[in-house]
Structures are given as C-alpha cells and as structure tokens.
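I opened my notebook to look up ring pairs and strand pairing. My entries follow below.

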Amino acid sequence: MPPPYEPDGSPQATGQSEDGATSWVRWEDGTTIQTSGDTKIYVYPTPIPAGDRAIKQYSEMSGGDTITSYDNGDREQFFSQNGTRLEAFGVPRPTDDGEMMEKVQHNQDGSRMEIFVGGRQLFTSADGSTTTEVLPVANFVFDRPLNEAPSREIPQWPLIKQIQRRADMHHYFAADGNPPTDIQRSMTTDNLNVRWAKGCMPRADEHYNQTKQEWILNVDAEGNSRFLIKLVIIGQE
C-alpha cells in the first residue's frame, strides 16, 4: 500500500543513528521519513485528514505490511500476506448494544473478530450466519435440571467458555478438557445433546471404552437423559 501522502519540496536535513542502522530525511513541508532496515516511517507535522480522524504516522515494512497511527490514538495494522486488517482504538468505541469495543480484526474473506473491554471476543462469519463468542472467564452455566443418568451417576453442568451460534444450532463449549464438553442445542427442540469431556461421567466412559462405541447424553427439558450411540455400518468404519 502506498503512503497516504508523499512529502512536497526537497530534503532540508538528514541524519542517522550512531550505529548507522537508522537514517532520516526531513523534507521542506516538515515531513520526516525514517528508514531502519526494511522499515520506512513517515511522520507528518500536520496530520493528514482521513474521514473522522487524521493520520499522524505511517509505517511500511518489508513484504507490504503497514501500520497507520491516527491523531485520536487509533492504530491500524495491515498484514499483506493474508489481507487481514487490525484496528485498535485509542478510546474504546460503543457498539449498538452499549458494549465498548477495543479492537476489531477484518479478515480478507469478510469475517471479523471484535474484542471488547473486559476481554470478551466475538467472531462473525462473512455472511453473518455464524457467531462464536469467547468469554474472558468461563462463567456461563445452564439453568436446567440434570437428573441421574442411566449409568447411575449425576454429572454437573460445566462452566461455559465459548458459544457458537447458528440459526439452527447452538454449541456451548466448556473449559474442562481437551476436547472440552460440547453441549449442542437444536433450535427446533428442547433437548440437549451433550458430548462430555473425559472424566465427567466416569462410569459411562468406562462402559463405552469397553464396547468401543461413541456416545452422547441426550437431556430433555426436565433433566431426564438417555445415551445415544453412534451407529457404524460394516465396511464404512
């Protein structure tokens, strides 16, 4: 990307650091261009208008990466390798729901990641059909009863760290294992399908390890449950 403004006139002064690694040129209009290795930094005496803010400094790195600094404290970084643009706001910006946003990452495919004051993150797909929310602390818990399972054990709802939402399905991921507990909620039924992390239901783990079957726990609105087993067609294992 080209700089937002090339200096007018002719060079008026030059200099370099003691070790010779960094040099600078001051132009007639007051613009200073500093060069250090493959990095070139433009410093403008009068910020260059850019919409509702103005550019006070612009940096070019090898490969085409750039950093733009604005007079209001905002900072925008462009990564040429993948087309990602990351904005960090000098003063957090309010969203439509009143939450204060600190950063937003725009990806080349049209998706974006928003980071809010307090650490909450929200990823939105390019078409807006899927969002993934990452909580700074796992503190969301299901307000639903959970009765004794057929394996004669009563699991406890884990604290949720990440929530993925689509029109037809929500996934709630805990912070209790690798892979973590995954609670799947269909938008067309009150039932939940729970793929528990190892150790949450040790009796069920032991039984299905012996039978070598994949299982989930199906939980209805009253907290009653049943095991669902993945069927394997012979010849298609």
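Entry one, aromatic rings. I counted 11 aromatic pairs, where rings of Phe, Tyr and Trp (its six-membered ring) pair if their centres lie within 6.5 Å; planes under 30 degrees apart count as stacked, over 60 as edge-to-face and the rest as tilted. The model is predicted, so I note that local features need pLDDT of at least 70 and side-chain atom pairs pLDDT 80 or more, while totals for chains, interfaces and linings use all residues. Residues are numbered from 1 along each chain as its sequence is written, and side-chain values use heavy atoms, without hydrogens and water.

Which way do the rings of Tyr42 and Tyr44 pair? Their centres are 6.4 Å apart and their planes at 25°, so the pair is stacked. Both Tyr42 and Tyr44 are buried (under 20% relative accessible area, with exposed over 50% and partly exposed in between; 1.4 Å probe, protein chains only).

I looked up Tyr208 and Trp215 next: with ring centres 5.7 Å apart and planes at 25°, the pair is stacked. Tyr208 and Trp215 are buried. Ring pairs also link Phe140, Phe142, Trp157, Tyr172 and Trp196 into a cluster.

Entry two, strand 14. Strands (E, at least two residues) are DSSP runs, numbered from the N terminus. Strand 13 (residues 160-165) pairs with strand 14 in the antiparallel sense over 5 bridges; two strands pair if DSSP finds at least two bridges between them. A hairpin of 3 residues joins strand 13 to strand 14, and Ile160 stands opposite Ala174. Strand 14 also runs antiparallel to strand 15 (residues 182-186), joined by 5 bridges. Here Met169 has Ser186 as its bridge partner.

Terms used
Helices (H or I, at least four residues) and strands (E, at least two) are DSSP runs, numbered from the N terminus.
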